[in-house]
Amino acid sequence: MDPIVYLDHAATSWPKPPEVFEAMRKAMEDAAANPGRGSHRMAVKASRVLYGTRKTLANIFGVKNPNDIALTSNTTEALNLAIKGYLHEGDHVIATMIEHNSVRRPLEYLKRTRGLQVDYVPVDEEGHLDLQLIEGAFRSNTRLVVCSHSSNLLGSIVPLYELGDIVKRNGAVLLVDAAQSAGMLDINVEDMHIGMLAFPGHKGLLGPQGTGGLYISPNIDLEPLMHGGTGSQSEATEQPTVRPDRYEAGTPNTVGYAGLQAGVEKVLEWTPQHIYRHEWELTQYMMEGLQEVRDLRLLGPALGKARTGIVAFVSERYSASELSFRLDREYGIAVRAGYHCTPLAHMASGTEKTGAVRASVGISTRRDEIDLMRRAIAEIHS
């Protein structure tokens, strides 16, 4: 049975708005040449597509100069560019216990190869961060603070205004992983003192897979993650210093970024505030039903508290994989089971031995779909 209820938006939002399809079709027809690598009309159109996408992204994130946004293939590439391009041997980094492996694995790699020092600040069982613990973790060589804006397992939300003030006061740089918040929570890089912001195109921004980006403060210079052709300064042996070329070697996904611009424009039309409210109300409705099911434990913030569109849970009677499999095959409900690439968050929630089932909603999710999910879980546990 093909899924009739899609509850895996935390991995990839679906379906995409019709405007995304149309923008990609138009770009494939009219602007599918290599941007920045020719002066013919189609190449110029391709360059305009990329700049238009940067401008729209700058608008939603409060970025003053669109060229401070490097377009990437996903959040993982953006985080690797930020972490590996900024940190040096002996630097100290503060991270949290809700980080995704896209943060943890680059940090652990640099611990092994550059002698990086890393502290993972604990969170409570609901995933909330005590900012006093962050304040107390700073050392004389602390250069970077990395945090996930919202946990991809627990749905908890980090208060970025307060965290940004702490990081600025201590003379470090704040890198934010916005994989679960871009398009759903308000983000302003200037007001929040965010030095670098990594984000996906294919989740809350409603664009296609293979798109994402990294905002890099004009006060920060990163070593490029990749070196190669940019269409500019081709006579030079070194990577260009001009932005965004310095961080975008190779032929870009112009068609995908055209779709991303259309997705972000749709988010701006609906507003992140409206999208968050819609998703929050659906998570509350889902939790109200699931907490009535015996032998089921819900993870993350309690009913009534702020959270993004994620509800994860553990069954005492079924493994996460079995429960997810039955929801898919017997009811046509698509969810995600396992460790969600965030073992640290599972340690915080006490599910490191079991994993969890994660249901995640999006702007397209309907209340009747949550009804089907609630009934399915209740029937399985009856």
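Some notes on reading the values come first. Residues are numbered from 1 along each chain as its sequence is written, and side-chain values use heavy atoms, with hydrogens and water left out. Because the model is predicted, local features need pLDDT of at least 70 and side-chain atom pairs count only at pLDDT 80 or more, while totals for chains, interfaces and linings use all residues. Helices (H or I, at least four residues) and strands (E, at least two) are DSSP runs, numbered from the N terminus.

We may start with empty space. Rolling a probe the size of a water molecule over the atoms shows where such space is left. On a 1 Å grid over the protein atoms alone, a pocket is an open set of points where a 1.4 Å probe fits, with protein on both sides within 12 Å along at least five of seven lines; lining residues have an atom within 4 Å of a point. Grid points are joined across faces, edges and corners, and a volume is the space filled by probe spheres set on the points. The second largest pocket has a volume of about 390 Å³. Its lining consists of 20 residues, and Ile-194, Gly-195, Tyr-215, Ser-217 and Asn-219 lie nearest the centre. Helix H6 (160-169) and strand E6 (173-177) are the elements that give two or more residues to this lining. By class, the lining holds 11 nonpolar, five polar and four charged residues; here Ala, Val, Leu, Ile, Met, Phe, Trp, Tyr, Cys and Pro count as nonpolar, Asp, Glu, Lys and Arg as charged, and the others, Gly among them, as polar.

Next comes a helix pair. The axes of helix H9 (residues 320-331) and helix H11 (residues 367-380) come within 11 Å and cross at roughly 115°. Axes are lines fitted to C-alpha atoms, for helices over the stretch in contact, with angles running from 0 to 180 degrees between N-to-C directions. On the H9 side, the contact is made by Leu-323, Arg-326, Leu-327 and Tyr-331, and on the H11 side by Met-373, Ala-376, Ile-377, Glu-379 and Ile-380, where contact means heavy atoms within 4.5 Å. Seven of these residues are nonpolar, none polar and two charged.

The peptide bond from Trp-14 to Pro-15 is cis, with omega near -5°, and Pro-15 sits in the loop between strand E1 (5-6) and helix H1 (18-30). A cis bond also leads from Arg-243 to Pro-244, with omega near 0°; Pro-244 belongs to the loop between strand E8 (212-216) and helix H7 (254-270). Leu-206, although not a glycine, has a positive phi of about 70°, and His-340, likewise not a glycine, has one of about 55°. Leu-206 counts as buried because its relative accessibility is 6%, and His-340 does so at 2% (buried means under 20% relative accessible area, exposed over 50%, partly exposed in between, with a 1.4 Å probe and protein chains only).

Leu-268, in helix H7, is partly exposed at 30%. Its C-alpha atom is separated by 7.1 Å from that of Ile-60, 208 residues apart along the chain.
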